[in-house]
Amino acid sequence: MIYLSKAELKDAYYEANKTSKDWFRPFDEYERLAANKISKTIGKNMPRVNDGSLAASLLETPMQVYPTMQTGKFTAQNRKEAWINEIANIIWKTKIVPNANTQSTFFDKEQIALYRALKYGAQPRYNFFVSTDTYTGSDWSLPYVRNVKLEPGKFSVDDCDYVFLDVYYTKLQLKKIIERLGKDKDTGGWNTKLLKRLADMSMTSKEMEEQNINERDKVHASGIKTVICFNRGMNAPFYMFSPHLDQGDCIREWKNPDPTGELPITMQYCYENLESPYGIGRAELAGPTQNVLDYMTQAHMLATQIGLQPPKKLSGPTDTTNFNSLTFTPDAIWQTGNATIDVVQNTNSVYTQFPANFGLYKSQLQTLQGRTDGSISAESGNPNFSKTSAGVKMQQDRTNSQDNYLRNKADTASAKMAEKMMNVHMAQMKGTDILDVAEDDIERLVKAGYLDDNPTTPEPSAGELPILYEEVKAEFKFEYDARPEADEDEKNRWLELIDIATSNPNIIPAMEQSGWRFSLGEAFKKVVNASGTADSEKVLTQISPEEMMQAQQQVGPDGMPMQEQGMPVDPNMMQQPQGEDELSVTMEEYGVDEPTAQAVLQARQQGFEEEEIVNYLQGAK
């Protein structure tokens with residue numbers, strides 16, 4: 001394949017940087033809105049206050065959309081052994097997720113990524129392989145959005161053949177890298193001589209376009225700038241260079257560690273439109289309306305101040321007037337002399353209508369974000385909004401659909417990055433490792449054929465599981481588990497049916513005599529699924545035909561179950577009355593005794609297929 005050469009790096013970066021600045025120009029305003037900072041265009045006489053609804057919404061949305069860490073599964077693409085997938089899942093759960101803590105914890109970074117995507121429209125994720133004293137493996141970070149420059153003319157990272165990432169180092173960080181390289185035999189592609197030249201240079205201020213709002217307003221951001229060029233492709237060259245060095249000088253050169261050739265930059269979007277490399281964010285959509293709300297808040301505050309301390313109109317001679325006495329304080333005495341003073345009362349109708357007007361614009365702000373706001377009263381707000389129960393539910397459904405969309409975008413970016421992290425981890429790790437496995441992990445490993453493919457390996461037990469990375473290398477795909485969603489209406493309907501079926505003991509037998517069965521277990525399964533709970537299969541488990549027949553045969557003469565083999569049996573479930581005709585027909589059809597026929601009828605009632613029952617009876621004979 002053809003890649004950018006070292007001689008082309010600076011020119012290519014100049015073009016990418018020039019193009020990116022045009023896209024980054026509105027970001028200053030987005031950052032101001034997200035931080036709820038006062039606009040620099042505010043009038044001198046206006047109170048320095050803001051409404052802040054948009055800033056609050058941006059902060060709250062990740063808490064609502066991504067409240068917990070989502071689970072998922074890896075699947076090997078170039079190997080058929082199912083237990084390889086389970087090994088990858090254990091590595092992800094016990095090794096990578098707990099230790100991929102550069103900048104912050106794994107889950108905190110997930111929520112921050114969504115917050116920044118809402119603010120800018122997109123947030124890049126950078127995955128890399130790290131080796132420290134405490135952890136060796138895949139990790140990831142959240143670069144500042146302005147530090148990632150895409151290939152000019154491309155509107156998606158997935159379409160780029162190369163991407164640039166700006167990285168700023170302090171002199172101390174460079175010296176630590178130099179010290180570490182002096183101890184390691186493998187330099188990892190670093191050029192120590194050039195590193196020393198950079199470390200000896202004076203630190204310079206960050207370019208204004210690459211500083212975030214806090215760096216511009218509060219600190220003097222500085223550092224030694226370096227740039228990484230990532231080329232797409234298997235074993236594609238990665239270069240790190242610096243504008244402070246000559247053309248063609250690379251501080252570091254290494255190969256793409258991802259065996260699939262993917263770029264280590266993954267973009268998470270708020271709303272992706274493929275017309276902008278950074279999509280559309282909530283700040284862009286709702287920012288102008290938030291500015292209106294801020295202005296109205298400032299104007300209302302100013303009008304309130306004027307109302308509390310109204311201006312005074314003086315007429316006549318003021319030679320003997322004591323102006324210092326004209327204050328709005330308790331028990332004040334105004335020394336007016338011969339002047340006439342009138343207090344100007346502002347009774348403008350705009351002020352009295354402020355609550356309704358403010359509610360209107362706030363409802364528009366919520367509409368632009370696809371959210372609802374319970375603080376808007378029924379008497380104010382958008383008159384087109386329905387205040388009925390059905391209308392409110394419709395607005396809530398709209399909010400839920402927006403949240404689901406954002407959750408899917410976040411899951412898509414996170415899953416794509418997880419694939420890259422696992423593929424890099426498996427490709428780079430060497431030798432043996434000890435995995436911390438739980439009892440559930442062992443069960444899944446055994447079911448997946450781990451012992452069948454490794455006959456000389458002792459049966460694993462909960463605790464430590466040794467693995468050899470050379471034996472488990474593969475290329476993986478990652479998918480998040482489906483998120484369970486609650487359906488209250490569906491749940492309540494099934495609960496009502498269960499109540500009808502169980503409230504009268506004659507209903508189920510009457511249904512069976514008329515040729516119909518009601519499966520109580522299946523009904524409860526519907527209730528559990530409609531509740532939106534996870535791992536429902538562990539809560540509601542199906543009894544096999546063998547267990548049912550054994551339990552039926554263990555009922556004593558008094559109608560109570562025997563407690564053999566330590567298995568409790570519910571007599572109410574096992575000894576439900578059966579129609580005499582159906583019992584006789586079943587005994588004659590299968591050639592079985594009465595207890596076995598009763599067990600067959602009970603198995604039918606529980607939803608077992610006729611083929612399953614026949615197979616069991618044939619096996620028993």
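Predicted model: local features only at pLDDT ≥ 70, side-chain atom pairs only at ≥ 80, totals over all residues.
Where do Arg 444 and Asp 441 lie, and how many residues apart are they? Both residues belong to helix α13, three residues apart, which is about one turn of the helix.

Arg 444 and Asp 441 form a salt bridge, with the closest N and O atoms 2.6 Å apart. Asp 441 counts as buried, at 3% relative accessibility, while Arg 444 is partly exposed, with a relative accessible area of 35%.

Arg 444 also forms a salt bridge with Glu 86, where the closest N and O atoms are 3.5 Å apart. Glu 86 lies in helix α4 (residues 82-99) and Arg 444 in helix α13 (residues 439-447), so this pair ties together parts that are 358 residues apart in sequence. Glu 86 counts as buried, at 17% relative accessibility.

I turn now to another salt bridge, between the side chains of Asp 28 and Arg 146, at 2.5 Å from N to O. This pair links distant parts of the chain, 118 residues apart: Asp 28 is in helix α2 (residues 27-34), and Arg 146 is in the loop between β3 (136-141) and β4 (148-150). Asp 28 is partly exposed, with a relative accessible area of 36%, whereas Arg 146 is buried, at 3% relative accessibility. For the model, the count comes to 20 salt bridges.

Finally, the surface. Phe 524, Val 539 and Leu 540 make a nonpolar surface patch of about 280 Å². Of these residues, Val 539 lies in helix α19 (residues 536-539) and is exposed, with a relative accessible area of 64%.

Key. Residues numbered from 1 in each chain as written. Heavy atoms only, no water. Patch = residues over 30% accessible without salt bridge, like charges linked within 9 Å, V, L, I, M, F, W, Y side chains within 5 Å. Areas by Shrake-Rupley, 256 points an atom, 1.4 Å probe, with all protein chains shown as cover. Salt bridge = Lys/Arg side-chain N within 4 Å of Asp/Glu carboxyl O. Helix = DSSP H or I, 4+ residues; strand = E, 2+ residues; numbered from the N terminus. Buried < 20%, exposed > 50% of the residue type's maximum accessible area, 1.4 Å probe, protein only.
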